[in-house]
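Subject: Structure handover

Hello,

Here is the structure I promised to pass on. Please open it alongside this note; my findings follow below.

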Amino acid sequence: MSSNTTPDTLDLQSSEHVPASGNAHIIVLGNEKGGSGKSTAAMHIAVALLRMGYEVGTIDLDARQATMTRYMSGRFNFITKTREPLPTPLHMVIQKSEAATLEEQHAEERDFLTLALTELGQQCDFIVIDTPGSDSHLSRLAHSYADTLVTPLNDSFIDLDLLARIDPDTLEILHPSIYTDMVSAQNAKKRERAPEAAPIRWIVMRNRLSHINARNKQDMNTALEKVSSRFGCEIANGFGERVIFKELFLKGLTLLDLEEDDDNALTLSQLSARQEVRNLMMRIAPERYKPLPASKKG
């Protein structure tokens with residue numbers, strides 16, 4: 001399958017693929033639309049994996065906005081000030097190449113990403129990659145290395161339009177959109193590079209879900225079921241629209257870092273948000289790809 005040919009049904013269904021010993025499982029957070037919550041999800045996934053006992057590396061490909069890198073910087077500052085030993089991933093940033101020609105830029109970016117994946121892969125069980133909210137060579141390249149792709153999607157038809165063109169009257173899928181085409185093309189490149197590799201497992205994560213069972217929410221449920229059936233992605237509930245996520249960013253913390261005691265009880269909203277993170281991790285199911293560390297079993 002060439003990069004300009006996209007079938008109606010993508011070969012992206014969940015598999016029981018277990019990487020060879022020593023190879024990190026790569027989780028890419030991808031969506032070509034900004035403001036979908038990629039960096040927040042990436043940080044929470046990374047910290048959740050660390051707290052499960054895994055060794056984790058993170059890569060920020062959005063060096064211009066560098067949201068995940070600033071999130072990580074806040075975490076380092078918090079640890080320095082409080083001396084609290086919070087689990088923190090090995091973090092790398094890859095800049096967009098400024099080489100003279102497009103060919104040289106692509107080659108340089110490919111070399112940088114390959115080097116980062118190789119270095120982190122020697123030390124980590126999982127590598128979490130945060131991509132830009134726009135199309136770029138680096139983002140496409142990262143997708144081609146994904147074992148699991150998580151696409152945060154604001155729960156609206158405006159954002160769903162990035163995945164598929166939907167008939168407004170019947171909610172039937174007319175054809176795949178630009179991002180779905182790109183995922184298909186990069187999945188094909190992955191299989192060409194490593195024929196024995198499993199296809200990308202694609203999870204579409206519904207973010208900022210409304211707590212009201214409105215007509216729009218029902219229509220989104222219907223449309224997403226059709227998207228899942230046709231394009232082979234899984235649909236998972238993500239994070240609600242909560243202020244706590246924005247507040248934690250400044251300190252570099254996640255909901256899994258909050259401790260509850262007699263003097264500091266978590267609010268109902270915080271408990272609900274933390275459960276949303278745990279539900280997402282249950283869907284990702286990292287133990288399917290890497291055995292849970294012996295110290296965490298039982």
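Predicted model: local features only at pLDDT ≥ 70, side-chain atom pairs only at ≥ 80, totals over all residues.

**A serine in helix α9**

Ser272 is partly exposed, with a relative accessible area of 28%. Ser272 sits in helix α9.

**The chain as a whole**

The chain has 298 residues, and 51% of them count as buried. Its secondary structure comes to nine helices and nine strands. Take the contacts between residues at least 6 apart in sequence: 77% of these join residues at least 24 apart.

In soluble globular proteins, nonpolar side chains tend to be buried together. Which residues touch the most other members of the largest nonpolar core? They are Ile59, Leu113, Ile129 and Leu160, out of 39 residues in that core. Helix α7, residues 215–231, gives the most to this core, with five residues. A separate core holds 38 residues, including Met43, Val47, Val128 and Leu266.

Leu160 deserves a click. Beyond its neighbours within four places in sequence, Leu160 contacts Leu153, Ile166, Met220, Ala223, Leu224 and Val227.

**Helix α1 and its partner α9**

Helix α1 covers residues 38–51. The helix has 14 residues and reaches 20 Å from its first C-alpha to its last. That is close to the 20 Å expected at 1.5 Å a residue. Most of α1 is covered, with 12 of its 14 residues buried. Among the buried residues are Lys38, Ser39, Met43, His44, Val47 and Leu50. After α1 comes Gly53, with a positive phi near 105°.

Two packed helices are described by the angle between their axes and the distance between the axes. For α1 and α9 (residues 268–284), the axes come within 10 Å and cross at roughly 75°. The two helices are therefore roughly perpendicular to each other. On the α1 side, the contact uses His44, Ile45, Ala48 and Leu49. On the α9 side, it uses Val277, Leu280, Met281 and Ile284. By class, this contact has seven nonpolar residues, one polar and no charged.

**Helix α2 against α8**

Helix α2 (residues 67–82) and helix α8 (residues 243–251) also pair up. Their axes come within 6 Å and cross at roughly 65°. From α2, the contact takes Thr67, Arg70, Tyr71, Gly74, Arg75 and Phe78. From α8, it takes Leu248, Phe249, Leu250 and Lys251. The classes here are five nonpolar, two polar and three charged.

**Helix α6**

The buried residues of α6 include Tyr179, Met182, Val183, Ala185, Asn187 and Lys190. Their cover includes α4 (137–144), β5 (148–154), β7 (173–176), β8 (201–207) and α7.

**A histidine in β7**

His175 is found in strand β7. Is it buried, partly exposed or exposed? His175 is partly exposed, because its relative accessible area is 39%, which falls between the 20% and 50% cut-offs. Not counting residues up to four places away in sequence, His175 touches Ala164, Arg165, Arg230 and Phe231. His175 and Val227 are 52 residues apart in sequence, yet their C-alpha atoms are 10.0 Å apart in space.

**Two loop residues with positive phi**

Ala66 is not a glycine, although its phi is positive, at about 55°. Ala66 is placed in the loop between β2 (56–60) and α2. Its relative accessibility is 14%, so Ala66 counts as buried.

Leu171 is not a glycine either, and its phi is also positive, at about 65°. Leu171 lies in the loop between β6 (164–166) and β7. Leu171 is buried too, with a relative accessible area of 13%.

Best wishes

Key:
Residues numbered from 1 in each chain as written. Heavy atoms only, no water. Core = buried A, V, L, I, M, F, W, Y, C linked by side-chain atoms within 4.5 Å. Buried < 20%, exposed > 50% of the residue type's maximum accessible area, 1.4 Å probe, protein only. Helix = DSSP H or I, 4+ residues; strand = E, 2+ residues; numbered from the N terminus. Contact = heavy atoms within 4.5 Å. Axes fitted to C-alpha atoms, helices over the stretch in contact; angles between N-to-C directions. Nonpolar A, V, L, I, M, F, W, Y, C, P; charged D, E, K, R; others polar. Parallel < 35°, antiparallel > 145°, perpendicular 65-115°, else oblique. Expected span 1.5 Å × (residues − 1).
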